[in-house]
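Colleague: Hi! I have a few quick things to ask about this model. Could you walk me through it?

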Amino acid sequence: MTVAPARRVALGMLARVRKQSAFSGAVVSVALGKASLSPADAALATRLVYGTLSAEGVLDEALDRHLSRGVEPRVRDVLRLAAFELLFSRAPAYAVVDQAVDLARGVRPQASGLVNAVVRKIAAEASTFPWGDPSTDRDALARASGHPRWIVDLAITSLGETAAREMLGSGLEPAPTYVRLDPFEADRATAADALSAAEPEPSPPDPDCYRLGHASAVFARPAEPHGWFPMDAAAQMAPAALRPTPGMAVLDVGSGRGNKTVCIQAIASRHGGPAEVTAVDVHEGKVRTMRERLDRSGVPGVNALVCDATDLAAVFGPDAFDAVLVDAPCSGLGTLRRYPEKRWRLDPGAPARMAVLQSQLLEAASRVVRPGGVVVYSTCSVAAEENDGVVSGFLAGESGRGFRAEPLGDLIPLEWGTFRDGAGSFRSWPTSGGPDGHFVAVLRRSSE
């Protein structure tokens with residue numbers, strides 16, 4: 001049997017992710033650009049790679065039940081790919097076995113017999129997977145959703161049973177593609193025309209956000225300005241929570257490559273003109289990329305700086321800004337669909353470690369916001385330790401004296417009413433066909 005092109009390309013991508021400790025998105029993009037696959041095969045290869053990486057630990061658990069000794073990594077890649085198809089895609093066993101054996105012959109001919117035997121054993125027990133009842137057994141729920149058990153426990157503790165199961169149930173699905181219009185790069189009509197082949201649909205949180213029904217129709221083109229840029233819909237709540245207005249002095253902490261910076265200026269300009277934005281990031285390469293991007297798009301009123309944000313008062317002095325956005329580095333537990341390999345690279349101590357840095361950044365931001373101003377705290381995590389925990393710890397401490405949590409109110413769209421937590425903050429989690437997990441809290445400093 002000849003190896004199907006999608007499986008052959010998928011195996012090569014899995015090997016590159018493993019050997020380079022790379023993120024899958026970049027590997028998939030480059031590989032598909034070179035592979036000359038049909039649209040159907042490209043979609044299948046992408047599904048196989050993302051799914052295999054998402055469920056990696058579960059697949060290894062299944063495989064190790066039938067391996068008396070270790071196998072070399074490239075053979076394990078073949079076994080993982082076959083196990084994913086059998087346990088999660090429910091592909092026909094005969095086809096998966098034959099394809100796995102042929103793939104093994106291509107990477108390690110001596111291992112083809114072992115692969116044949118192990119894959120047949122996985123096929124024989126696939127009908128009883130996840131070997132337990134996910135409705136009552138958290139280990140079975142972890143297997144069925146392709147997550148480490150500790151993430152299952154964290155999600156249930158942080159979100160509650162219902163929301164956690166929604167998040168876990170969507171974990172093996174591709175994340176929807178959202179884009180935001182860039183009014184500085186192109187007018188709305190031009191941007192909409194550039195997106196037309198992708199079947200855009202309006203999405204919360206505001207009129208500049210769209211969900212693409214057919215993302216490959218635009219992302220397959222060579223990179224060039226189109227008047228829009230990819231950005232998860234829930235991530236757009238953080239700049240909106242600043243309520244930027246013309247002339248407002250805004251500090252954008254952790255600005256990265258500038259997506260939220262563009263959002264801030266677009267919202268301010270919609271109200272009459274740009275704000276005065278200072279965008280800082282600790283990584284020089286990101287700041288350089290952001291400057292090039294802002295210059296190319298013609299975004300006005302932004303000063304981009306390399307800065308250690310744990311001591312902002314030393315750089316800017318106290319009470320320097322009307323509003324500060326702290327887009328805090330985090331565990332990324334709300335974006336695991338987009339970075340499927342990450343769930344097996346993280347360890348259970350990651351949220352606690354990140355919370356220490358997040359608290360430092362929030363305290364630093366509190367020292368540079370003026371009386372009456374706001375600090376907006378945001379993460380892309382669903383862990384309560386990184387979200388509510390950081391905010392409540394800040395408010396209970398010396399640095400939080402004079403601050404209060406302020407509900408986002410009507411900024412949270414009606415369609416996203418379930419994402420409003422008890423304090424009025426925004427807390428989303430991944431859902432089938434919905435946005436990623438993000439947390440946004442507004443902290444108002446007393447004017448007195």
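Modeller: Happy to! A word on naming: helices and strands are DSSP runs, numbered from the N terminus, and a strand here needs at least two residues. Keep in mind that this is a predicted model.

Colleague: Thanks. Where does Glu448 lie?

Modeller: Glu448 is in the segment that comes after strand E12 (439-445).

Colleague: And is Glu448 buried or exposed?

Modeller: Exposed, with a relative accessible area of 89%.

Colleague: Switching to helix H14: how many of its residues are buried?

Modeller: Nine of the twelve, so H14 is largely enclosed by the rest of the structure. Among the buried ones are Val262, Cys263, Ile264 and Ile267, and Lys260 and Gln265 are buried too.

Colleague: What is the reach of H14 from its first C-alpha to its last?

Modeller: H14 covers residues 259-270 and reaches 17 Å, close to the expected 16 Å. Gly272 follows H14, with a positive phi near 130°.

Colleague: New topic: which residues have the most contacts inside the largest nonpolar core?

Modeller: That core has 51 residues, and Met13, Leu79, Leu87, Phe88, Val115, Val119 and Ile122 have the most contacts inside it. Helix H5 (73-89) is one of the elements giving two or more residues to this core, and H5 gives the most, with ten residues.

Colleague: What does Val115 touch, leaving aside neighbours within four places in sequence?

Modeller: Val115 is in contact with Val75, Val78, Leu79, Ala100, Val101 and Ala104. There is also a second, separate core of 46 residues, including Ala142 and Leu411.

How values were computed: Residues are numbered from 1 along each chain as its sequence is written. This is a predicted model: local features need pLDDT of at least 70, side-chain atom pairs count only at pLDDT 80 or more; totals for chains, interfaces and linings use all residues. Side-chain values use heavy atoms; hydrogens and water are left out. Helices (H or I, at least four residues) and strands (E, at least two) are DSSP runs, numbered from the N terminus. The expected span of a helix is 1.5 Å times one less than its number of residues. Buried means under 20% relative accessible area, exposed over 50%, partly exposed in between (1.4 Å probe, protein chains only). A nonpolar core is a set of buried Ala, Val, Leu, Ile, Met, Phe, Trp, Tyr and Cys residues joined through side-chain atoms within 4.5 Å. Contact means heavy atoms within 4.5 Å.
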